[in-house]
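Please look over the model below before reading the points.

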Amino acid sequence: MNAWSLLAQSENILWYILPLAVGISLVYSASRYEEKDSILRRAMRLFFQITIFMFVVFSVLWVLSYRL
Amino acid sequence: MGFIQKFTFMSVSSPETKIDLKNPILAAVLGFLIPGAGHFYQGRTFKGIIYCVCILAMFACGMQMGNWQLIYRKEPAKIFDFDFDDARFRQLDPERFDDMRQQLDQMGTTRARGKTEWGYYAQAPVGLFTIPAFIQEERYYQPSNEPISPESKTINQEIVGNLDYVNDEGKEFSLPVSGTIQLSPEDGEFGREMEGTFSGKGDNGEIEVSLRGNVRMDPPVGANHYRNLRINAITLGDEQIIDGVLTAQVKRSFLNWFLVPPDHEALEQLHSDLGKKFTLAKVFTWIAGLLNILAIWDAYAGPAYGYRMPTRKEESPEKKPERPSVPEASPSSTTSQNPG
């Protein structure tokens with residue numbers, strides 16, 4: 001199964017990472033700074049960092065499990 | 001404590017960015033009880049909204065995914081499960097049954113606390129929604145929280161269920177019913193048993209069923225939203241029925257199921273219904289609890305890094321690396337721009 005069709009399955013629990021990452025980014029950033037803009041900017045950066053990191057991990061695992 | 005004061009001072013050092021933490025201990029306690037409440041008290045509304053919405057939403061999502069049965073500190077010990085099926089256990093292993101029964105009688109209860117659910121301590125920081133689990137645990141394990149037996153008092157409950165029976169001509173029927181069941185303990189042919197009636201609606205209008213025999217009904221306090229009930233049916237109106245059983249579900253009140261430890265049956269059901277999502281649901285509640293520790297600390301001591309993120313301009317003098325000095329008198333070096 002190719003990576004995109006694996007991700008496209010609606011019941012794939014990987015999609016739960018996104019709301020989880022949004023919540024974690026916002027709360028973590030809010031605990032670091034007080035100013036609204038700083039919180040939002042940092043949260044956005046953190047969200048992308050988490051998402052990209054998870055996507056890289058997913059890709060590595062997918063490559064490793066190719067044709068298994 | 002000195003560290004905390006210093007830390008607080010650093011966070012709110014600039015006069016124009018001073019944060020009024022009011023009473024930090026009270027704010028932390030409020031934040032523990034309801035995520036974000038400490039910040040609302042301090043007037044830090046934006047952060048209060050972030051904490052409240054994100055943490056509670058994450059927690060509620062997890063709870064909803066896990067059928068609201070994920071918060072418990074101790075699960076029941078498996079060894080005592082047989083109590084829910086006494087007769088079968090007695091038949092299969094009479095010697096072991098007697099030993100177990102003796103042990104249970106000595107303890108004065110049919111349920112005992114099993115292994116600790118360590119995840120509970122990650123969930124616990126979402127205070128008001130997890131701490132009552134201690135009270136519910138006590139209520140669940142108290143000796144009076146027993147399945148209904150012939151020794152019990154009168155039952156008068158609204159039910160929704162199913163009447164399965166074979167009539168005197170040998171035809172099988174399965175009839176969905178809803179109505180009121182009234183049972184009271186009586187001396188029967190084989191000792192104490194429950195006797196009474198069910199009156200309510202069936203497929204073809206109003207029905208009345210007479211009931212008698214050994215009734216089984218889950219304990220009043222339990223993690224499932226419904227208590228299962230099962231009793232033998234004797235007549236349907238004027239018609240004698242053979243091999244009739246009324247199975248029904250009686251609604252538990254919110255206080256009798258919320259944060260109550262699930263028994264093994266309920267846990268196994270959850271695992272089979274949810275599969276991987278069971279663990280995922282727990283992860284949501286764990287993360288919500290752990291994130292609230294950050295929120296509580298923020299309410300107590302202010303933001304960890306400062307009022308705002310440093311701009312690039314502010315960052316640059318610190319971050320700009322110094323140009324490495326060119327090694328001196330290297331005869332082979334041709335890239336040196338500073339021959340002197």
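1. Helices (H or I, at least four residues) and strands (E, at least two) are DSSP runs, numbered from the N terminus. On that basis chain B has 12 helices and nine strands.

2. The model is predicted: local features need pLDDT of at least 70, side-chain atom pairs count only at pLDDT 80 or more, and totals for chains, interfaces and linings use all residues. Residues are numbered from 1 along each chain as its sequence is written, while chains are lettered from A and ligands numbered from 1 in the order in which they are written.

3. A residue is called buried if 20 or more other C-beta atoms, placed from the backbone, lie within 10 Å of its own. Chain B has 340 residues, of which 28% count as buried. In helix α2 (residues 24-33) of chain B, the buried residues are A27(B), L30(B), G31(B) and F32(B). They pack against α3 (37-42) and α11 (276-301) of chain B.

4. Two residues are in contact if their C-beta atoms, placed from the backbone, lie within 7 Å. Of the contacts in chain B between residues at least 6 apart in sequence, 65% join residues at least 24 apart.

5. Domain bounds come from an automatic or database domain assignment. In chain B this gives domain 1 (1-77 + 112-132 + 263-306) and domain 2 (155-255). Their C-alpha centres lie 44 Å apart.

6. Between the chains, 18 residues of chain A are in contact with 24 residues of chain B. On the chain A side, α2 (17-32) and α3 (36-64) are the elements giving two or more residues, and α2(A) gives the most, with nine residues.

Note on methods: Buried ≥ 20, exposed ≤ 12 C-beta atoms within 10 Å, placed from the backbone.
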